[in-house]
Amino acid sequence: MSLIISNIALHYITRTGENSDVQVTFGPDQVEITPRIENFVDSLHNIYNGKGSKAYGHFSEEPTPSDHKNFIELITDYLDESEPFNDFSKKSTALLKLELEKYDIEENGYLVFCHYEYMGGRYLLVAVIPVSEHYSVDGDLTISANKHLDTSKLQLAARIDLFDFQQNAEGNRYISFIKGRAGRKISDFFLDFLCCQEGLDAKEQTHTLVKAVEDFVSVNQLDANEKQETRKELLSYCKDQKASAQDVSIKELGNVISKEGSEQDFYSFCQENDYPLEESFPHEQAIVNKVTKYSGYGAGISISFERSHFGQDVVYNAANDSLTIYKIPPNLKEQLLKLLQDEDRAAQTSQPFE
């Protein structure tokens, strides 16, 4: 396992009604790093990485004045080793309690603080993990209910890149967080608690990247197959970066998609045309997934085809809003022929005798 845990703390925070008090139960002062804890953090790390709706930001330059130390001050004290991890986690939990009390919402879950290393990076993950009930039956068919951490429903979570924060405090993306939540925005209290504000727009960066690649293949006058191959190379590279939780690098991508005989490589092309792209950035995989295919669903119809077929094997007529598909896939053709045969037999059976 390439994940190394430095410190972890677990506390419980709950509010059972809109007007009730927020209750906090602090966990043990020291959590032993056992294989079970390592597996739990590894699972949490992978679940967080797999969340597609993440945004990126940084600590606020002007945090709201308070009688207490804010989260920026607390984490700085911890990283400077002037505050033990457990004290940092407890004081931070108290801050979250204060923020939650400003809102008339329920919240129940375990608040996890975990400082760990992964693939050379150092991170602090802060997450509220929901609690769900599960049921079990013993040999006497007695049903019992127990509670468990429901990591699959993780929504309130943020991760701080500690190396980036300490070496580039003026940056705009050393904090990532899950963006959006059913019924409310995560920023209502969780981002306020972290003193975090949005910075880099990963979605906008990814849209710009896709446009730059499309412009690149057009300027270099690649044929249809070469264009599609370049899009597939972009897709493959981005998938690999996402799987390893690494940023997209324009230079690295340039080495992947630049073609022999082209007037310039992709990296130089981006620089010369002043695309508003960072040298490297976290991307939105859902946007990149669309570069090689068109797809849509509605009214019981689902259609998906590779982009290279558009205008040739798949033709759209905007005048009458129709789509003509040539070269029907063999498995679909077989189903359609069978359907026609069944309809013919049904029509013959239903004809009245003379």
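Here are a few questions and answers on this predicted model.

Q: How many helices and strands are there in the protein chain?
A: Let's start with the secondary structure of this predicted model. The protein chain has both kinds of element, and the count comes to 11 helices and 15 strands.

Q: Is the protein chain more spread out or less spread out than a compact globule?
A: For 354 residues, the globule rule gives 20 Å. The radius of gyration here is 27 Å, well over that figure, so the chain counts as more spread out than a compact globule. Along the principal axes, its C-alpha atoms fill a box of roughly 85 × 70 × 40 Å. So the answer, going by the radius of gyration, is more spread out.

Q: What share of the residues of the protein chain count as buried?
A: Buried here means under 20% relative accessible area. The chain exposes about 20,800 Å², with carbon and sulfur atoms supplying 48% of that area. Of the 354 residues, the buried share is 40%.

Q: How far apart do the centres of the positive and negative side chains lie?
A: The protein chain carries 34 positive side chains and 58 negative ones.

Q: In the hairpin of β12 and β13, which residue takes a positive phi?
A: Strand β12 covers residues 293-298 and β13 covers residues 301-306, and they pair in the antiparallel sense over six bridges. Gly 298 has Ile 301 in β13 as its bridge partner. Two residues sit between the strands, and the one with a positive phi, near 55°, is Ala 299.

Key:
Residues numbered from 1 in each chain as written. Predicted model: local features only at pLDDT ≥ 70, side-chain atom pairs only at ≥ 80, totals over all residues. Heavy atoms only, no water. Pairing = 2+ DSSP bridges. Helix = DSSP H or I, 4+ residues; strand = E, 2+ residues; numbered from the N terminus. Rg over C-alpha atoms; globule rule 2.2 N^0.38 Å. Buried < 20%, exposed > 50% of the residue type's maximum accessible area, 1.4 Å probe, protein only. Areas by Shrake-Rupley, 256 points an atom, 1.4 Å probe, with all protein chains shown as cover. Lys, Arg positive; Asp, Glu negative; His and termini not counted. Charge placed at Lys NZ, Arg CZ, Asp CG, Glu CD.
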